[in-house]
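Thanks for coming. I will talk through one structure today, starting with charged pairs and then moving on to a sheet and its helices.

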Amino acid sequence: MHAAPHPRFSVLSASAAQSSEHLSPAASSTRFSLPSAPSINTTAPASKPAPPRQTIYDRPLNKTRAAEVSASAFAFLFSEMVQYTQKRVNGINDLERRLNTLGYRVGMRVLELMSWRNEAAAKAPKREIRFLPALMSIHTQVWRAVFGKPADAIEKSVENADEYMIIDNDPPITRNISVPRDMSQLSCSSFTAGIVEAVLDGLGFPARVTAHNTPTDQLPNRTTILIKLEKSVIDREEALKT
Amino acid sequence: MAIWGLWVINKAGGLVYQRNLGDGLPHLTSNEYLVLAGTLHGIHAITARLSPTGTSSGANVISGETFKLTILLTATGTKFVLLTSLAENTADTVLSKVYEAYSDAVMKNPFHTPEMPIRTEGFDSRITAIMSG
């Protein structure tokens, strides 16, 4: 018996998790090779150990630093992700939460990879400990690493001191998505919100991050990523100020 | 030179998108459009088998005295049909742009069901942009 995975780290339901060995690379390494024909010589063992396969984890990290992914290919993948998720949820909130979870899994890896790439060669590696510089680096560096361009604006909420917003005028991942009218409050950028939430969590700024459509006449795809920080973060920022 | 109408016909011969541009066309009911699209689908299938020299993609242009239909058949069997004046010489380029808009705004949209009528705002606005030059 193994403990159930933390809900963050698994988009599979409990029943699906039990059959997850079908998905693990170790079990499926022979899945793509030709099926071994029944051996005529029954004395020889039918299966030979497969040669070790070069996985994505074996590649040098910096080699793909400037690599780009086809936006079309990603658009189709993301479309399938939304359709897959939509089949398994009840309601828009549930759909946004699942997309957020999927983004969270991406965000964890983005943060790790970014810190490795940016700080590994530095003489004095650093990490952001104050919130505003961390937010700036998400706006610029995370966006550039994930979307190939910085976000368009950062805003601080006037009403609530613990709320900050990252604004993207035309998010590349939702550029081809038209949400039907009956689901108009759905924002597929919840995936992006999940990425931001994971990066903030990883940097030690736990927060609740959501995505909202905020279209204007000129920018129909404008999206706001709303960050609501936990109280502990605000308290620490206050303490560090003095 | 004028562009009057655009149809998108799915691979089964169903009309999944129809839009009149300008006021040049007479008003037909949606049922009449469905029949026209189905008939065109059948005619197109026959013309594809008439070629005397090997395989053919079927009719490209069907013209009358006052207008012509330009047909673009894609690799997946979807047909784009443009109704234009006889003098219109940009029909092929416009159809290619429509195909591009269809690939982007319709096929990459998770809320569209393949082979079903296209009710996608993004496609409408892309078509408007293409038609207004």
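A salt bridge here is a side-chain nitrogen of Lys or Arg within 4 Å of a carboxyl oxygen of Asp or Glu. Keep in mind that this is a predicted model. Over all chains, the structure holds 16 salt bridges. Side chains of opposite charge can pair when their charged atoms come close.

Take one from chain A. A:Asp168 pairs with A:Lys149, and their closest N and O atoms are 2.8 Å apart. Is A:Asp168 buried or exposed? It is buried, at a relative accessible area of 3%. A:Lys149 is partly exposed, at 23%.

Now chain B. B:Glu115 forms a salt bridge with B:Lys11, with 3.4 Å between the closest N and O atoms. These two are 104 residues apart: B:Glu115 belongs to the loop between helices H2 and H3 of chain B, and B:Lys11 to the loop between strands S1 and S2 of chain B. B:Glu115 is partly exposed at 33% relative accessibility, and B:Lys11 is exposed at 51%.

Another pair in chain B is B:Asp104 with B:Arg126, where the closest N and O atoms are 3.4 Å apart. B:Asp104 is in helix H2 and B:Arg126 in helix H3 of chain B, 22 residues apart. Back in chain A, salt bridges that share partners join A:Lys149, A:Asp152 and A:Asp168 into one network.

Next, the sheet. Chain A has four strands in an open, antiparallel sheet, in the order S1-S2-S4-S3. Strands S1 and S3 of chain A are at the edges with a single partner strand each, so one side of each has no neighbour in the sheet. On average, neighbouring strands are turned by 20° against each other, direction ignored. Helix H4 of chain A, residues 131-147, packs on this sheet and touches S1, S2 and S4 of chain A.

Last, how do H3(A) and H4(A) meet, and at roughly what angle do their axes cross? Their axes come within 11 Å and cross at roughly 105°. Angles of 65 to 115 degrees count as roughly perpendicular, so H3(A) and H4(A) are roughly perpendicular to each other. Residues making the contact include A:Met114 of H3(A) and A:Val142 of H4(A). By type, the contact residues are five nonpolar, two polar and no charged.

Terms used: Residues numbered from 1 in each chain as written. Chains lettered and ligands numbered in written order. Predicted model: local features only at pLDDT ≥ 70, side-chain atom pairs only at ≥ 80, totals over all residues. Heavy atoms only, no water. Pairing = 2+ DSSP bridges. Axes fitted to C-alpha atoms, helices over the stretch in contact; angles between N-to-C directions. Contact = heavy atoms within 4.5 Å. Parallel < 35°, antiparallel > 145°, perpendicular 65-115°, else oblique. Nonpolar A, V, L, I, M, F, W, Y, C, P; charged D, E, K, R; others polar. Buried < 20%, exposed > 50% of the residue type's maximum accessible area, 1.4 Å probe, protein only.
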